[in-house]
Amino acid sequence: VAQWLVDSGTRPGTHIGLHLDNQVDFFAAMLGCLKAGALPLALSTRLLAAELADAIDFLDIEGLFTETSRLTTVADASMATAGLRFAVVSGDEMSTG
């Protein structure tokens with residue numbers, strides 16, 4: 001995870017959102033962010049698309065880890081914000097712009 005983040009242009013101090021349940025993927029993403037020097041920010045999985053977009057903008061989040069079940073919410077949120085560079089869904093990259 002850390003190497004992928006670095007290869008994708010993530011720099012130390014970059015804010016990365018964790019829109020995941022507290023399971024193995026959450027901790028793998030968190031540790032990968034920390035190893036890459038990024039700042040992992042846990043986001044509630046109960047956020048609606050507009051709330052998620054506001055959080056992405058307010059927290060200056062450039063990347064997001066999420067789950068397939070939340071893909072529609074993330075896609076809607078990413079259309080409402082310009083700051084999100086990428087989202088990772090169940091280990092697969094989904095470019096958002």
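Reader: What makes strand 1, helix 2 and strand 2 a right-handed β-α-β unit?

Author: In this predicted model, the order is strand 1, helix 2 (residues 24-36), strand 2. Look with the strands pointing away from you: a crossover is called right-handed if the path from the first strand over the helix to the second runs clockwise. This unit is right-handed, so its path goes clockwise in that view.

Reader: How do you know that strand 1 and strand 2 pair?

Author: Pairing takes at least two bridges. Strand 1 (residues 15-19) and strand 2 (residues 39-42) have 4 bridges, in the parallel sense, so they qualify.

Reader: Why are Leu5, Ile16, Leu18, Cys33 and Phe65 called part of a nonpolar core?

Author: Members must be buried, of a listed nonpolar type, and joined through side-chain atoms within 4.5 Å. Buried means under 20% relative accessible area. These five belong to the largest core, with 13 residues, and touch the most other members. Helix 1 (2-7), strand 1, helix 2 and strand 4 (86-89) each give two or more residues, and helix 2 has the largest share, with 4.

Reader: What is leucine 18 in contact with, neighbours within four places in sequence aside?

Author: Quite a list, including Phe26, Met30, Cys33, Pro40, Leu41 and Phe65. Leu41, though, sits in a second, separate core of 12 residues, along with Leu52, Ala55 and Ile61 among others.

Reader: What about aspartate 60 and its phi?

Author: That phi is positive, about 55°, although the residue is not a glycine. Aspartate 60 lies in the loop between helix 3 (49-58) and strand 3 (61-66).

Key. Residues are numbered from 1 along each chain as its sequence is written. This is a predicted model: local features need pLDDT of at least 70, side-chain atom pairs count only at pLDDT 80 or more; totals for chains, interfaces and linings use all residues. Side-chain values use heavy atoms; hydrogens and water are left out. Buried means under 20% relative accessible area, exposed over 50%, partly exposed in between (1.4 Å probe, protein chains only). Contact means heavy atoms within 4.5 Å.
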